[in-house]
Amino acid sequence: MTTADRKAGTTPKPRSSQPWLHQKGKEIQEFGTVRQLPVGLSYDARMYSCQRLNQVLCDTRILHDLYKKHHWLMRGQTFYQLHLLMDKHADEQTELTDTIAERVQTLGGVAVGDPRHVAEITNVPRPPNGVEEVPAMLSRLLEAHETILEDCHDAAARTQDMGDDGTNDLLVSEVIRVNELQAWFVAEHLVDTPLVHV
């Protein structure tokens, strides 16, 4: 019994290693809202940035999953190189996903977390369930990159106008630069050039 228990005249609860299972709770912040945090930005700026960032977050998560799918399903003579490249790019997209989500939380918003919610919001078209030919897989990745890049260029300019330098910096320095570099690496695999000259 602790000193506090003795003073209060209470009996302490017995300790147990049993987890409290099947707990339910109330939703304490709805998606699409922002709470006040001392970050020096207006409510409107934070709300706008969270909306734009959540769109980028959804598209980035889908791009990551496309990279993983293509990593597993890669075929052909360049299998090994592309298998490794797809995995490397997926890992880089995972890092972006975490950074974007944390920015939403920093602004007081709610980052998209559930994959079913992501699927409802994304602008990246759904691929077929089966295996596409390799050039189609690579083209699909390039189209997803372009979707993200077009959105990020617009969002970066608008968040800058609203005074949100942090979101602008994230979009320009990280999301845009990583996606541009990855798009270049993928696009070069679609150049029709012989491996050797005869």
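**View 1. I100 sits in helix α3, which covers residues 79–106.** Helices here are DSSP runs of H or I with at least four residues, strands are runs of E with at least two, and both are numbered from the N terminus. I100 has a relative accessible area of 1% and is therefore buried; buried means under 20%, exposed over 50%, and partly exposed in between (1.4 Å probe, protein chains only). Neighbours within four places in sequence aside, I100 is in contact (heavy atoms within 4.5 Å) with L53, V56, L57, T60, L170 and V175. Its C-alpha atom is separated by 10 Å from that of V112, twelve residues apart along the chain.

This is a predicted model, in which local features need pLDDT of at least 70 and side-chain atom pairs count only at pLDDT 80 or more, while totals for chains, interfaces and linings use all residues. Residues are numbered from 1 along each chain as its sequence is written, and side-chain values use heavy atoms, leaving out hydrogens and water.

**View 2. N168 belongs to helix α6, residues 165–187.** With 16% relative accessibility, N168 counts as buried. Beyond its neighbours within four places in sequence, N168 is in contact with A156, A157, T159 and Q160.

**View 3. One aromatic pair turns up in a search of the whole structure.** The ring centres of W184 and F185 are 5.1 Å apart and their planes lie at 80°, so this pair is edge-to-face. Rings of Phe, Tyr and Trp (its six-membered ring) pair if their centres lie within 6.5 Å; planes under 30 degrees apart count as stacked, over 60 as edge-to-face and the rest as tilted. F185 is partly exposed, at 37% relative accessible area.

**View 4. H22 lies in the loop between α1 (3–8) and α2 (43–73).** Although not a glycine, H22 has a positive phi of about 60°. H22 is also exposed, with a relative accessible area of 72%.
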